[in-house]
Amino acid sequence: MKRDLTELEQCVVGVVWRDGPMTAYEIATLFAKSLSAYWSGSAGAIYPLVKRLQARGLLRGSRRAWNGSRKTVLTVTAKGRASLRVWLTPPIPLDAAAPTQDPIRTRMFFVEILAASNRLAFIAEVERITRKQIDLAQEQRDRDEAAGQVSEALGAVGVVYELKARLRWLQSVREYLHTGKLP
């Protein structure tokens with residue numbers, strides 16, 4: 001089986017395998033709670049994606065009573081489980097380890113438009129909000145651990161490490177702004 005699904009598609013198959021059976025609404029709700037804006041998966045993205053996964057035979061939907069009404073409830077097919085195994089089996093594509101999308105890093109490309117004092121204010125602000133995100137991720141990790149959701153807690157730990165690395169990078173940028181020497 002080829003690796004021809006997007007990361008989001010493969011992740012949806014994985015979520016239904018791990019947490020299912022579930023509805024498309026429950027999938028969208030789960031993604032909306034993500035610590036990463038990349039995984040926020042709006043309902044406008046999730047519903048068509050689920051239909052594509054059903055059409056490809058990776059998810060199966062059946063109408064049944066669900067939480068007080070009739071809903072299409074999704075489960076993973078044997079083909080979907082096989083796709084997950086392929087996705088997780090080496091070799092993993094190089095782009096899977098590519099740098100993540102980072103709006104702070106993107107803004108840094110243009111920071112020289114600011115006066116020197118405003119550059120330092122920019123750095124101070126992004127350090128402040130990055131620390132706030134670290135606090136939120138650590139709180140999520142604690143909630144996930146308390147709920148026995150080990151894989152979710154490990155994901156939150158990864159977010160904490162990523163954000164702490166951003167803080168170290170911002171400190172080196174601050175040092176550069178003071179000394180003029182690249183780290």
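**Exercise 1. The loop with P21**

In which loop does P21 lie? Describe also the peptide bond that joins G20 and P21.

*Solution.* The model is a predicted one.

Step 1. P21 is placed in the loop between α1 and α2.

Step 2. The bond joining G20 and P21 is a cis peptide bond, with omega about 0 degrees.

Step 3. A cis peptide bond also joins P90 and P91, where omega is about 5 degrees. P91 belongs to the loop between α4 (78-88) and α5.

**Exercise 2. The span of α1**

Determine what span the 13 residues of helix α1 should have, and compare that value with the model.

*Solution.* 

Step 1. The expected span is 1.5 Å times one less than the number of residues.

Step 2. The buried residues of α1 are E9, Q10, V12, V13, G14, V15 and V16.

**Exercise 3. How α1 meets α2**

Describe the packing of α1 and α2 by the distance and the angle of their axes, and then by the residues that meet.

*Solution.* 

Step 1. Two packed helices are described by the angle between their axes and the distance between the axes.

Step 2. The axes of α1 and α2 (residues 24-32) come within 11 Å, and they cross at roughly 110 degrees.

Step 3. Angles of 65 to 115 degrees count as roughly perpendicular. The two helices α1 and α2 are therefore roughly perpendicular to each other.

Step 4. From α1, the residues L8, C11, V12, V15, V16, R18 and D19 take part; they meet I27, L30 and F31 of α2.

**Exercise 4. Helix α6 and its buried residues**

State how far α6 reaches, which of its residues are buried, and which helices those residues pack against.

*Solution.* 

Step 1. Helix α6 (residues 116-146) has 31 residues. From first C-alpha to last, α6 reaches 45 Å, close to the 45 Å expected at 1.5 Å a residue.

Step 2. Buried in α6 are F122, I123, V126, E127, T130, I134, A137, Q140 and D144.

Step 3. An α-helix has 3.6 residues a turn, so residues three or four places apart point the same way.

Step 4. The buried residues of α6 pack against α5 (103-108) and α7 (150-179).

Step 5. After α6 comes G148, which has a positive phi, near 75 degrees.

**Exercise 5. T130 and L167**

Is T130 buried or exposed? List the contacts of T130 and those of L167.

*Solution.* 

Step 1. T130 is part of helix α6. Its relative accessibility is 0%, so T130 counts as buried.

Step 2. A polar atom of the T130 side chain lies 2.6 Å from the backbone oxygen of V126. The side chains of T130 and R166 are joined by a polar contact of 3.2 Å.

Step 3. Leaving out residues up to four places away in sequence, T130 touches L163, R166, L167 and L170.

Step 4. L167 lies in helix α7. At 10% relative accessibility, L167 counts as buried because the cut-off is under 20%.

Step 5. Beyond its neighbours within four places in sequence, L167 is in contact with E127, T130, R131 and I134.

**Exercise 6. Buried and exposed residues outside the helices**

Classify L58, F110 and K181 as buried or exposed.

*Solution.* 

Step 1. L58 is in the loop between α3 (43-55) and β1 (59-66). With 2% relative accessibility, L58 counts as buried.

Step 2. Among the residues that L58 touches are L5, V13, L53 and V76.

Step 3. F110 is in the loop between α5 and α6. Its relative accessibility is 57%, so F110 counts as exposed.

Step 4. K181 belongs to the segment after α7. At 62% relative accessibility, K181 counts as exposed.

Step 5. K181 and G20 are 161 residues apart along the chain, and their C-alpha atoms are separated by 53 Å.

Methods: Residues numbered from 1 in each chain as written. Predicted model: local features only at pLDDT ≥ 70, side-chain atom pairs only at ≥ 80, totals over all residues. Heavy atoms only, no water. Helix = DSSP H or I, 4+ residues; strand = E, 2+ residues; numbered from the N terminus. Buried < 20%, exposed > 50% of the residue type's maximum accessible area, 1.4 Å probe, protein only. Axes fitted to C-alpha atoms, helices over the stretch in contact; angles between N-to-C directions. Parallel < 35°, antiparallel > 145°, perpendicular 65-115°, else oblique. Contact = heavy atoms within 4.5 Å. Polar contact = N/O pair within 3.5 Å; in protein donor to acceptor, adjacent residues only side chain to side chain.
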